[in-house]
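Subject: Structure handover

Hi,

Here is the structure I promised to pass on.

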Amino acid sequence: MSEALHVVCPHCDGVNRLPAERLAEAARCGRCKDALFTGQPVALDGPRFDKHLAKSDLPLIVDFWAAWCGPCRAMAPIFERAAAALEPRARFIKVDVDANPGLAQRFGVQGIPALFVFQHGKVSARQSGVAQEAQLRAWVDRFAPALAA
Ligand code: ZN
């Protein structure tokens, strides 16, 4: 199996193309040379989010949140654990809805936290309210079944 995937760098947003089986090998970005996966969610603003949305072949698991939101604070450690456990099968992204109201509006985010799965620019799944790690894992199993853990 040597399907090539486009992986967007979490540091410089450079688009890297690498075989699926190399995802787990601590690959580095061809442009900025930093690690393509850090085991941590990536905070993105609108323009950066659009680049990842358009170019990533990995599912994007996105947490729409705000600093004043109590349930969002409950969601944060769950989301961080999921990123540590489930990368590089998916990219974990956080969007601050106060800083990026346009993004929240575009995807019809009402209550937060709101969890979304995007694939190839489209919404594949969504849930309002705190999601447990098992839910995030189920999404990755469903939307990235073939990718190495
Ligand atoms: Zn880079």
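A residue is called buried under 20% relative accessible area, exposed over 50% and partly exposed in between (1.4 Å probe, protein chains only). At 2% relative accessibility, C29 is therefore buried. Please bear in mind that this is a predicted model, where local features need pLDDT of at least 70, side-chain atom pairs count only at pLDDT 80 or more, and totals for chains, interfaces and linings use all residues. Residues are numbered from 1 along each chain as its sequence is written, and side-chain values use heavy atoms, with hydrogens and water left out.

On to the metal site. The SG atoms of C9, C12, C29 and C32 coordinate the zinc ion at 2.3 to 2.4 Å; donors are N, O and S atoms within 2.8 Å of the metal (3.2 Å for Na, K and Ca), and sites may look incomplete because water is not among the atoms. Along the chain, these donors follow the spacing C-x2-C-x16-C-x2-C. The ideal angle for four tetrahedral donors is 109.5 degrees. C9 is buried at 0% relative accessible area, whereas C32 is partly exposed at 31%.

There is also 1 disulfide, meaning a pair of cysteine sulfur atoms within 2.5 Å. C69 and C72 form this link with their sulfur atoms 2.3 Å apart, and its 80 degrees about the S-S bond make it right-handed. C69 is buried, at 4% relative accessible area, and C72 is buried, at 4%.

Best wishes
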